[in-house]
Amino acid sequence: MQLIKMSWRNIWRNKVRSAAVMVAVMLGLVAGLFSSAMVEGVLLSRFHNFIENQISHIQVHNPEFIRDQEVFQTVGGGQIDLETVANWSEVKAATIRSRTQSMIASATYTGGVELYGIRPNSENNTTNFSRHLIEGDYLIGESENAILIGNALAEKMKVRVGSRIVLTFHDKDNNLVSAAFVVRGLFDSGYKRYDESVAFTFHDYLNSHLGLQGDFHEMAVLANNLDDLSSLEEKLSSHFPKSEVRKWNEIEPGLEIIVTSGNMFSYIFLILIMIGLAFGLLNTMLMAVFERTREIGMLMAIGMGKGRLFLLIVLETLFLSLTGSIIGLLLGYGLVKYTGRVGIDLSAFSDVMKELGVDPVFYPEISREFALIIPIIVLITALLSAIYPALKALSLRPVEALQK
Amino acid sequence: MPVIKTKQLFKIYNEDTVPVYAVNNISVEFQQREFTCVVGPSGSGKSTLLNLIGGLDSPTRGTVEVAGHRIDEMTENQRINFRLNHIGFVFQYFNLIPVLTAYENAAFIMQLQGKPEKEIRERVKTLLVQVGLEKRMNSRPSELSGGEQQRVAVVRALASKPDFILADEPTANLDTKSAFNLLDIMKRLNEEEGITFLFSTHDQRVIDRAGRVVTLVDGGLQHDTEKGK
């Protein structure tokens, strides 16, 4: 108990130096936590955008379509299958799509897009697509030649809502089909490259041109709970025995790298901060030991054992680091929690954010695992930093130390 | 039986090149209840002899026996533990722990010994009263005069109930009044409670009060005089 009291008071012998170390530790942790949370927030925004706007959690395809993307490589069943799957308890929403590669043309532009035939209601339930509309209307009614294109594409094509455009594609028998569409609405998903490369029309209307009846190329399923994905995947595989059922990380392996790289960046930040913390503590404690050489000699002379002396230095290091760390962690967590609630608005850099596929307003967050591991790593760093100064103190000979 | 006994004690620096005899063949005994001064000019080996007796330094040759234990044969850890339980130290520069109060400084050594809190409280308070510091118990060293700090150091040395107290020039940094006050206290403890004191000093005020004066010159024992004999 006396050692605890002594070590706590010892760190305040040089108030300015100890306060400087504590503030440095505190600011380092706040900055580190916040930076990690920002990176995590950006990456999770990218992840959620991709899942919720584009690929969903699970997709069902004809296995050959994944490889060849031929129009006739469909999954049969259409509306009946969609209604069945959408009613499963694990499923939040599901939709079906027809897909074909096409040439899109206006008076001044010709380019390639992937044309999706969607069911507007189920699509909206699954991808909340209508929220991205910035001009015009969502697809309303059925069997119309309405089309939604990205705003970025519309600018390239120099078209607007109400303009007529022509799309050319192959039908299931490989005949070239051209169809005229009227631009019903313009969308901005937040991901420019995606907006330039896709267009949406009615499933039935596209199927009528592709000669597919009620079939579909793709079923996208959004789960209620990420923990249910494996069981849901098995259930879908049983329901569609001839089809290929894939989870999001199989559809987009790069997306999994994004998620794991978020953790990686957080740990890199943490390691850099801990290296700084370790050297700061080491320097401070070495100075403290050198300044108190005679006192340490006296302690050894009157009978303070090496174990207790070691513990004294370790306790001082711990107090020095933990005081700053606790304040830093509380402030850091508070800042992350606050910005995680209100968001960080980088609309001023929206072009860059769109290129990255990130919402201009994103929400910093840190994983529970990361939040729990930080105090442990701070503690280990402080303990490691204490070893050298403590050994230096133990190496003193009382008879020499007393003469300093 | 002597409480301290050295036999053919040497401390030689640079023995292989240009030997310097800090302590040169000293055989001496100190009995219980003695109030002894080790005197001599600077560099005569006073502090070195006390360091060897206190187990703070190791002899080049010879033996040091303290309270029946061969301190020169002990490992460093054994010596630390031995000092804690058998020897009290008073230093020239007081060497109190600046972050602890007078009471805490004195109690610290008993806490290291693992004594119960009640025993510590009773003994330390009694000793602080004996040296006239009952009103300064909660003061830190920076709030005490040099004389008061040295009195706390004496209490700290006594608190562990050592076999004897080694004091290396205890009055060197004190004014005359404080020095006499300290010497009065130590002399009273010696006479009334039988505490054994061994000083190194060249302060005539200390020498005048000593019962025995051991004079060193160039590391060797020149005179060993007991007053009244």
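This is a predicted model: local features need pLDDT of at least 70, side-chain atom pairs count only at pLDDT 80 or more; totals for chains, interfaces and linings use all residues.
**View 1. Chain A is divided into two domains.** Domain 1 is built from two stretches of chain A, 2-50 and 258-402. Domain 2 of chain A covers 63-242. The centres of domain 1 and domain 2 of chain A lie 50 Å apart, taken over C-alpha atoms.

**View 2. Chain A meets chain B.** Chain A gives 22 residues to the contact, and chain B gives 25 residues. About 2300 Å² of area is buried between chain A and chain B. Carbon and sulfur atoms account for 61% of that area. Three residues of chain A stand out: A:Gln2, A:Arg9 and A:Ile302. Together they supply 27% of the area that chain A buries against chain B, more than any other three residues.

**View 3. Salt bridges and polar contacts cross the interface of chain A and chain B.** Four salt bridges are found across this interface. A:Arg397 forms a salt bridge with B:Asp57. Their closest N and O atoms are 3.0 Å apart. On the side of chain A that touches chain B, the elements giving two or more residues are helix 1 (2-11), helix 12 (293-301), helix 13 (306-342) and helix 16 (398-401). Helix 12 of chain A gives the largest share of that side, with six residues.

**View 4. Four strands of chain B form an open sheet.** Their order is 2-1-4-5, and the pairing is antiparallel. Strand 2 (20-30) and strand 5 (69-70) of chain B stand at the edges. Each has a single partner strand, so one side of each is left without a neighbour in the sheet. Strand 4 (residues 61-66) of chain B runs antiparallel to strand 5 of chain B, and two bridges join them. B:Glu65 has B:Arg70, in strand 5 of chain B, as its bridge partner. Helix 1 (residues 46-53) of chain B packs on this sheet. This helix touches strand 1 (4-13), strand 2 and strand 4 of chain B. The direction of helix 1 of chain B makes about 120° with that of strand 1 of chain B.

**View 5. Six strands of chain B form another open sheet.** The strand order is 6-7-8-3-9-10, with mixed pairing. Strand 6 (87-90) and strand 10 (220-226) of chain B stand at the edges. Each of these two has a single partner strand, so one side of each lacks a neighbour in the sheet. From one strand to the next, the twist averages 20°.

View 6. B:Thr215 has B:His223, in strand 10 of chain B, as its bridge partner.

Terms used. Residues are numbered from 1 along each chain as its sequence is written. Chains are lettered from A and ligands numbered from 1 in the order in which they are written. Side-chain values use heavy atoms; hydrogens and water are left out. Two strands pair if DSSP finds at least two bridges between them. Contact means heavy atoms within 4.5 Å. Axes are lines fitted to C-alpha atoms, for helices over the stretch in contact, and angles run from 0 to 180 degrees between N-to-C directions. Domain bounds come from an automatic or database domain assignment. Buried area is the accessible area (1.4 Å probe) that two parts lose on being put together, summed over both. A salt bridge is a side-chain nitrogen of Lys or Arg within 4 Å of a carboxyl oxygen of Asp or Glu. A polar contact is a pair of N or O atoms within 3.5 Å; within protein, one must be able to donate a hydrogen and the other to accept it, and residues adjacent in sequence count only if both atoms are side-chain atoms.
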